[in-house]
Amino acid sequence: MVFALEEINHSTTLLPGVKLGYYIFDSSGRPPWGLQAALSLVGGESASCDHPVPLIIGGASSQEAKILSRILGPLSVPVISYLASCPCLSNRLQFPNFFRTIPSDIYQARAIAQLAIRFNWTWIGAVVENTDYGHVALKVFQEETQGAGVCLAFVEILQGENIVSDARRAAVTIQTSTAKVILIFSWYTDVTELFLQLSKINVTDRQFLASEAWSTSGDLLQNVVTSKVAKGVLGVAIRSSAVSGFENYIRGLHPIYQPDDEFLRELWEAEFGCSPQLSTPAKTLQRASLSPCRGTESLEGVQNQFTDVSQLRVTYNVYLAVYAAAHALHSLLSCPDTDSSHGNNRPTCSSPKHIKSIELLQHLNNVNFTTPQGEKFYFQEGDIPAKYDLVNWQNTPEGSLRLVLIGRVDGFDLHLNQSAVMWSTGSNQVPTSVCSESCPPGTRKASRKGEPLCCYDCIPCADGEISNQTGSLHCERCPLEFWSNAKRTACIPRQLDFLSFNETLGITLSTAAVSGTVVTTAVFVVFLCYRQTPMVRANNSELSFLLLLSLKLCFLCSLVFIGRPSVWACWFQQAAFGISFVLCVSCLQVKTIVVLAAFRSARPGAEGLIKWFGPGQQRGSVFILTCIQIIICVTWLSLSPPVPQRDLGFQGSKVTLGCAMSSVVGFSLVLGYIGLLACTCLLLAFLARKLPDNFNEAKLITFSMLIFCAVWVAFVPAYVSSPGKYAVAVEVFAILASSYGLLLCIFAPKCFIILLRPEKNSKKHLMAR
């Protein structure tokens, strides 16, 4: 303060022709003493003060600053504090006369919150002192980190009157907690006790975040016992600045030139072990145990806390407070109009002999200047723009700790040289402090019941859902034509799924269809080779050949259902299926009618009945019955044919590609007509099953139609309930099963006799009863 005043008094631009005086009182950290001194100054009642002082620089604590501001507020005496940081003092309604050159604690809590968010520390322990300083800072920290997923693992309160027991309890909590980062808002003496307790239980792997109250504490930095606990501390500190000429001023101090300065006398005695000889004998207070100084002692070359001006923090705040007061006074005395009776809101002016506190207060609100260090300075409603240093405690080769500047805070902007940070782990690797590890892509967070939001489990996304970011709260469902990959991290196009020739099911059905075609062809060849034998001729060989041809078509039409559906495949498969089976069943029905007619014509009076079922009528009947199915199929395919369609309704990794029945009525008519002919054929064959003949073909037709009807009755519910390509497989299976049933039941016995029992292949044997 004295240096700043002398610098101002020697300035030719600031307050030219005016010399500033001062009174300095020591409150010893006791607010009542500070209030008593302040009242004596502003009232002009001090023994050394014959005029009221218009401005007070003081309030080294927030409590003292509040008391001074409230008491001096009605007198409009400005109070400029260099260390009171309570956010409550920013209330201009309650403290209109208060100014400060240190930022509000809100900003340091915000800066520490930014550090926690920047390094992804989501699980933090907190130790705070039981004052507004601790509670308000913790509240601001929680508000700033609320939306960033930061949780407090614990909050320990330190009370000065119980500091040993509280520090011991907090140390045990830190030891047992899984939080690796610990935030401390407390005075350095409390932190010292806490670190002592931590060193006793050997807790040395925690990363501490320091508030400005202890981040630059020399006592802690030089404490050998706590050095292992405190290594790597990352903290917010009152911003520092170099003051040109201040070191020379300090080193030039001497008790001879300041005989009234008891501090210098005590410093001389402590540093040089002698008692300074003052010019005035009355001022010489020599200790009996100390010899007189020679007078050559000097602070030049002395290295101690007093001469160290490398990092001026609170000192610089005092320097700024003096300059703010000087510039306000300069503004007050520089007004061209010194009439203070104006009725407007403009700052009034005065003369050096008639300075009023209320006038100085008006000009102090409008202070805006550049310091000798080139820094812009102004008040914002009594506060200054928030500026801090970011400091780091790093080990030295000697094993002690040193303070390293690694960044700064300017308002809401945080500038950090991360590569220069030495963490508690002893490396440049940022420590982690989380309750639960971040959920990887493909999973989502699931909160644990009764635990903070930072503690959660990672649940894999369900099928068809993805999360492509770390720490996702929800899984997103893929669009209809997409599906989640195996890791649930991306949506990929769903694969087309249809009954393919390359898969096992398709190969099996194709093999069965080709085998049926080959067997039918072999039977056709056998019948062709033995077409003159009684067995072939007995049951209308022409219809038998036509029946074999239709069965061959039935086997072949099943192949159309296998493979990727196309427009023509969808049209052809149902038409081929319907027409082939109608042709087959029509042949069986006509053969059954011929059997009935042949036996009925053998009765007296019915000789002409067989004439109505000659070869021409038989061919015509088959043709007419088949044409009806052709007409149904043509009408169906003309009005509403089946079309290829992707079935997205079944949620899976595949999209079923199949032929969609645009008209269920058309498909039902095709099946219904086949069923009508099959039932009619079954009924007629059942009636003819006991006709007298050694080889009655009606029996074979009856068995074959029973199998045929059973297969297709079971087909309907199986077809409806089968998903995707399996519905197509059910239809192909029904075609093959019914075709094999007809082929084996009707032609197997005949081929057995033709090939293996040729002696029974005679007219005599066939006609025997």
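The model is predicted: local features need pLDDT of at least 70, side-chain atom pairs count only at pLDDT 80 or more, and totals for chains, interfaces and linings use all residues. Residues are numbered from 1 along each chain as its sequence is written, and side-chain values use heavy atoms, with hydrogens and water left out.

**Helix pairs**

Helices (H or I, at least four residues) and strands (E, at least two) are DSSP runs, numbered from the N terminus. Axes are lines fitted to C-alpha atoms, for helices over the stretch in contact, and angles run from 0 to 180 degrees between N-to-C directions.

| Pair | Angle | Axis separation |
|---|---|---|
| H14 (residues 504–529) and H21 (residues 725–756) | about 25 degrees | 10 Å |
| H12 (residues 314–333) and H13 (residues 357–365) | about 110 degrees | 8 Å |
| H2 (residues 31–42) and H3 (residues 62–72) | about 35 degrees | 9 Å |

Angles under 35 degrees count as roughly parallel, over 145 as roughly antiparallel, 65 to 115 as roughly perpendicular and the rest as oblique. H14 and H21 are therefore roughly parallel. Their crossing is left-handed. That term means the near helix is turned anticlockwise from the far one by less than a right angle; clockwise gives right-handed.

Contact means heavy atoms within 4.5 Å. On the H14 side, the contact residues include Leu505, Leu509, Val519 and Phe527, and H21 answers with residues including Tyr726, Leu736, Phe747 and Leu755. This contact holds 18 nonpolar, 3 polar and 1 charged residues. Here Ala, Val, Leu, Ile, Met, Phe, Trp, Tyr, Cys and Pro count as nonpolar, Asp, Glu, Lys and Arg as charged, and the others, Gly among them, as polar.

H12 and H13 are, by their angle, roughly perpendicular to each other. H12 contributes Ala324, Ala325, Ala328, Leu329, Ser331 and Leu332; H13 contributes Glu359, Leu360, His363 and Leu364.

H2 crosses H3 in the right-handed sense. Pro31, Gly34, Leu35, Ala38, Leu39 and Val42 of H2 touch Gln63, Glu64, Ile67, Leu68, Ile71 and Leu72 of H3. By class, that contact has 9 nonpolar, 2 polar and 1 charged residues.

**Cavity**

A search of the whole structure gives 1 cavity of 30 Å³ or more. On a 1 Å grid over the protein atoms alone, a cavity is a set of points where a 1.4 Å probe fits but cannot get out; lining residues have an atom within 4 Å of a point. The largest cavity has a volume of about 60 Å³. Volume is the space filled by probe spheres set on the points, and grid points are joined across faces, edges and corners. Arg239, Glu375, Lys376, Phe377, Tyr378, Ile384, Pro385 and Lys387 line the largest cavity. Strand E12 (residues 376–378) gives the most to this lining, with 3 residues. The lining divides into 4 nonpolar, no polar and 4 charged residues.

Terms used. On a 1 Å grid over the protein atoms alone, a cavity is a set of points where a 1.4 Å probe fits but cannot get out, and a pocket is an open set with protein on both sides within 12 Å along at least five of seven lines; lining residues have an atom within 4 Å of a point.
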